[in-house]
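Me: Hey, I'm new to this one. Can you walk me through it?
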Amino acid sequence: MSGNRDLALQDYAQAEKFNQGKPLSDEYFLLINSIGVLHTKMGNHKQAADYFEKGISQTGAVQHVKAHIAFLNNAGKTYDQLGDKQKALNYHQMGLVKAKANGLHEEEARSLMGIANVLKNKDAEQSIQHLKNALDIAHTIGHKQLAAEIYRSLSDLYRQQSRYADALNALEKHHRLLDSLQNANVGHKIAVLQSSYELAESKLRIEALELANQQRTYQRNEGLFTAVAILLVLLIVGVYFYKTTRLNKNLAASNLIKDKLFSIIGHDLRNPIGGITQLLEVLEDENLTEDQRVMVSEMRKQGKVSLDILNALLNWGEAQLKGIHIEKVSFNAKNSITKNILALQKHAGDKSILITDATPDDLTLFGDINHFEFIIRNLLSNAIKFSYPSGKIEVAAINKPSSNIVIFSVKDHGKGISGAQQEIFLKANLDIAYGTKGEKGTGIGLMLSKEFIKANKGQLWIESKEGIGSTFFFTFPAIIDV
């Protein structure tokens, strides 16, 4: 988790020791495979091969056939890196035979990819044919991620043969598949949000029509009533006017929220996505210069910014349209915090930032677990953005048994927030800011965190000094053992 591979290897060795003498299981095979992969990352290819062959010898049973094929393919890749092409080819071919015999189409395609990789320098045409066969399988089973990987391998082989037009075509298909996988998820969320808005708008219109129909009914019967009836009609008209005014205000507010939401999406995401599109054109050349490597890195940052902004806006828009609903449950705070630290570990690892959690193991909260995890995730993400490389982030919690609340804190040692910005934060929301490596923060996630904390009967405040760091505090209801 912290990038210390030597320590990770020690932990894996201890886990392997614990499994000695126990029945073979999927978890054990996953452990053996993980140790082999870690050795590969550390450049210990011989040790990696030993673990993969150990897995091969122990997965002969039918119920472990998938693991057996995975070990065969990993062993093939490892011997390819060791320069033993024949042994690598033998392992991949064994995996192919096993996959075909058991009707495992994805594993069959991956074995073909392994064979193609071994043959790419010896027989490029045969390698291309193997990849095309794997691509047919990926299309047949509808596996877009696998197809994208194959297109990328085809592009590399075409470039090796100086078939640049074919290489570009394969690379474009690779990117289109990746874009479709990402856009499918994001598009679904936008569609749900839009449907919610349209449903709310339809309800408002129906209520307005019902009220209008009531008014016409009262007008037709107006002449039959006495002076008391006239007063009653006037009263109903007054109620109608009040309801109509309130409905019109709600409808106008909903329209304003929708317009603002999609305006921000269009404005804040257009430039980052446009930057990604321009940078993709640079990837046509295989040999990247130092400047091009910088551009590729910037492309990744732009894409991350776009996704973060979009997710924050979708969550905020949904809360505005549907309101914030609380589903209170009892849950363990430590588990939720650990889960979100793991989710952000790659982000923190890019800046070599260490995240520590001093929350008690037995701390039980009572509130909306999704809201709590969003708050923790947002505060940690902001702390990573505004921390300097090789810094430290500390998560802590203090019990307040007398009031049945817990005070949580997320502390960083980064840029800090000025006194003027802190005043703005107490009254409204922070403006757009940039992290220590240029990461963009819109403040939308923090704004939604404040609303979630308020909905769970909590409070949020901040302590910060410029150049020293910031600590965000918030309270959350707890179950305190007496």
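Me: At what angle do helix α2 and helix α4 pack?
Reply: About 15°, with their axes 11 Å apart; axes are lines fitted to C-alpha atoms over the stretch in contact, and angles run from 0 to 180 degrees between N-to-C directions. α2 covers residues 26–41 and α4 covers residues 65–82. Heads-up: this is a predicted model, where local features need pLDDT of at least 70 and side-chain atom pairs count only at pLDDT 80 or more, while totals for chains, interfaces and linings use all residues. Residues are numbered from 1 along each chain, and side-chain values use heavy atoms, without hydrogens or water.

Me: Which residues of α2 and α4 make the contact?
Reply: From α2, Phe-29, Ile-32, Asn-33 and Thr-40; from α4, Ala-67, Phe-71, Asn-74, Thr-78 and Gln-81. Contact means heavy atoms within 4.5 Å.

Me: Switching topic: how many residues are in the largest nonpolar core?
Reply: 42, and Leu-131, Ile-150 and Leu-154 have the most contacts inside it. Such a core is a set of buried Ala, Val, Leu, Ile, Met, Phe, Trp, Tyr and Cys residues joined through side-chain atoms within 4.5 Å, buried being under 20% relative accessible area with a 1.4 Å probe, protein chains only.

Me: Which helix gives the most to this core?
Reply: α8, with eight residues.

Me: And what does Leu-154 touch?
Reply: Ile-128, Leu-131, Leu-135 and Ala-170, leaving out residues up to four places away in sequence.

Conventions: Helix = DSSP H or I, 4+ residues; strand = E, 2+ residues; numbered from the N terminus. Buried < 20%, exposed > 50% of the residue type's maximum accessible area, 1.4 Å probe, protein only.
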